[in-house]
Amino acid sequence: MKLSQILKGIKVLNEYSDIDVLDVTQDSRLVKEGSLFVCIKGAAFDGHSVAGEMLTKGACAVVVEKDMGLDNQVIVENTRGIFSYICANFFSNPAEKLKLIGLTGTNGKTTTTFLIKQILENVGKKVGLIGTVQNMIGDEAYPAKYTTPDPYELQKLFSQMVEAGCEYCVMEVSSQALAQGRVNGVRFAVGAFTNLTQDHLDYHKTWENYFNAKRLLFENCDIAVTNADDENGLKIIEGLNFDKVVTYAVNRNDATYVAKNVTFKSNGVEYELVGDKIGRCSCPIPGRFSVYNSLCAASCALALGISFEQVLMAISKSKGVKGRIEVVPCDRDFTIIIDYAHSPDGLENIISSLKEIAKGRVVTLFGCGGDRDKTKRPKMGKIAAELSDYCIVTSDNPRSENPSAIIQDILEGMKGVKTPYTVVENRKEAIAYAIEHAKKDDIILLAGKGHETYQILPTGTIHFDEREAVAEILAKQD
């Protein structure tokens with residue numbers, strides 16, 4: 001592909017030779033003969049520092065933000081801002097051939113994207129999915145490194161979806177991805193908002209930055225779907241222009257779609273979906289937040305023109321998502337549930353939902369991630385202690401931090417709460433402790449790891465799948 005084609009629509013500040021480009025990358029480790037290297041300044045590394053070296057290594061040209069005095073340099077104002085456009089052009093703008101549904105918010109994105117995918121597939125559409133648990137092209141699943149991939153991988157996925165005949169792509173759009181411009185230039189048919197609570201402040205630093213990052217999604221969508229019950233739900237679309245705005249709610253009657261007469265069951269939730277029509281919605285995923293997740297999914301599908309009856313039917317047949325209220329087979333008189341809840345709000349939601357259906361105790365096993373927002377730790381400790389009947393405080397992904405120091409931060413929030421708790425630092429040993437001390441009708445919640453099959457320790461990353469750990473512990477008891 002010619003360099004001029006890759007730079008189409010991008011403001012270039014100098015003259016350049018229209019050479020052939022074989023690949024594009026922002027990663028100096030991936031540069032090969034014929035690569036276009038885009039120099040981006042990150043938190044720890046500035047690509048400009050190796051621009052000359054990359055030309056020596058075989059790069060056909062480098063994209064820079066300043067005159068480096070190099071042959072075959074392309075000068076632009078903001079390399080990070082235009083990298084998404086470069087990647088889109090390189091893959092012949094595949095997103096233009098897809099109807100994109102993007103979801104942003106603190107909690108609920110993963111389950112809601114799967115629900116939307118299942119609704120669309122139920123009416124015969126071929127759908128791609130991009131998110132935290134995995135990426136999918138139709139029925140084919142691929143590993144996901146990030147919730148929202150970097151621009152090159154994202155555009156490559158779009159291209160593969162188009163080639164496979166996908167008509168839709170539903171994707172989680174993280175605040176970091178929006179802030180870093182990973183979806184710059186991508187137009188969404190529908191942009192949806194789930195909720196906004198404390199998370200990722202280690203990256204965004206302030207609540208305002210976090211909110212503004214989420215809001216970027218709605219500057220690039222045709223239809224906005226938003227949670228009117230959340231205090232930020234209407235604020236996040238304020239002052240923006242859309243072809244259509246769709247709101248959903250449980251606690252107010254002026255939304256486009258309202259869930260009324262909600263019933264919580266051990267195997268799901270039911271409610272009256274009230275909009276232009278009224279119908280009974282049955283979602284086979286338990287928990288109060290399943291009302292909001294299914295309501296958001298229904299609102300998105302209805303906004304896309306799927307019929308009311310087809311939406312209700314698809315939701316009733318929906319399947320759970322790995323690591324989201326996932327019941328682990330154990331053949332005992334207690335229940336083990338794995339959930340990804342790793343924020344104060346996420347932990348509060350899952351424990352509260354389990355309390356509504358529990359016949360016995362809710363035993364919460366949890367920790368907090370290292371090298372992340374430390375202010376969450378005492379808050380999560382307080383929430384777990386106040387809502388659970390028993391807590392087991394353990395390690396999550398400590399990363400470079402001392403696990404015991406993270407646990408001490410958590411315990412600060414549990415002071416003054418009478419709920420009994422135990423500290424078992426090793427997570428597998430903590431799970432074994434929970435199982436060995438389980439009582440009839442207990443619900444043991446393993447919170448924080450969810451779909452992950454690894455644990456990031458100060459010494460490195462190890463394989464760790466809680467499902468396997470549970471099976472091994474139970475086998476030893478038999």
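**Pocket, sheets and salt bridges**

The structure described here is a predicted model. A total of 37 residues line this pocket, and those closest to its centre are Gln26, Asp27, Lys145, Tyr146 and Asp150. Several secondary-structure elements supply at least two lining residues each, namely the strands β1, β2 (35-38) and β8 (140-143) together with the helices α3 (79-90) and α5 (151-163). Helix α5 gives the most to the lining of the second largest pocket, contributing six residues. By residue class, the lining comprises 18 nonpolar, nine polar and ten charged residues.

Two of the strands that contribute to the pocket, β1 and β2, belong to an open sheet of four strands, which has the order β1-β2-β3-β4 and parallel pairing. The edges of this sheet are formed by β1 and β4 (73-75); each has a single partner strand, so one side of each lacks a neighbour in the sheet. Neighbouring strands are turned against each other by 20° on average, direction ignored. Within the sheet, β2 pairs with strand β3 (residues 61-64) in the parallel sense, over three bridges. Leu36 stands opposite Ala61 of β3.

Strand β8, which also supplies residues to the pocket lining, is part of an open sheet of eleven strands. The strand order is β8-β7-β6-β9-β5-β10-β11-β12-β13-β14-β15, and the pairing is mixed. Strands β8 and β15 (278-283) lie at the edges and pair on one side only. From one strand to the next, the twist averages 20°. Strands β11 and β12 (residues 244-249) run parallel and are joined by five bridges. Asn227 stands opposite Tyr248 in β12.

The salt bridge count for the model is 27. One of these pairs is formed by Asp20 and Lys2, with the closest N and O atoms 3.2 Å apart. The two residues are separated by 18 residues and link distant parts of the chain: Asp20 lies in the loop between α1 (3-6) and β1 (23-25), and Lys2 in the segment before α1. Both partners fall in the partly exposed class, because the relative accessibility is 48% for Asp20 and 34% for Lys2.

A second pair involves strand β11 of the eleven-stranded sheet. Arg187 forms a salt bridge with Asp222, the closest N and O atoms being 3.1 Å apart. Arg187 is located in the loop between α6 (175-179) and β10 (188-193), whereas Asp222 is in strand β11 (residues 221-227), so the contact ties together parts that are 35 residues apart in sequence. Arg187 is partly exposed at 42% relative accessibility, and Asp222 is likewise partly exposed, with a relative accessible area of 26%.

A further salt bridge joins Asp441 to Lys440, with a separation of 3.4 Å between the closest N and O atoms. Asp441 has a relative accessible area of 30% and is therefore partly exposed. Lys440, at 58% relative accessibility, counts as exposed, because the exposed class begins over 50%.

Terms used
Residues are numbered from 1 along each chain as its sequence is written. This is a predicted model: local features need pLDDT of at least 70, side-chain atom pairs count only at pLDDT 80 or more; totals for chains, interfaces and linings use all residues. Side-chain values use heavy atoms; hydrogens and water are left out. A salt bridge is a side-chain nitrogen of Lys or Arg within 4 Å of a carboxyl oxygen of Asp or Glu. Buried means under 20% relative accessible area, exposed over 50%, partly exposed in between (1.4 Å probe, protein chains only). On a 1 Å grid over the protein atoms alone, a cavity is a set of points where a 1.4 Å probe fits but cannot get out, and a pocket is an open set with protein on both sides within 12 Å along at least five of seven lines; lining residues have an atom within 4 Å of a point. Ala, Val, Leu, Ile, Met, Phe, Trp, Tyr, Cys and Pro count as nonpolar, Asp, Glu, Lys and Arg as charged, and the others, Gly among them, as polar. Two strands pair if DSSP finds at least two bridges between them. Axes are lines fitted to C-alpha atoms, for helices over the stretch in contact, and angles run from 0 to 180 degrees between N-to-C directions.
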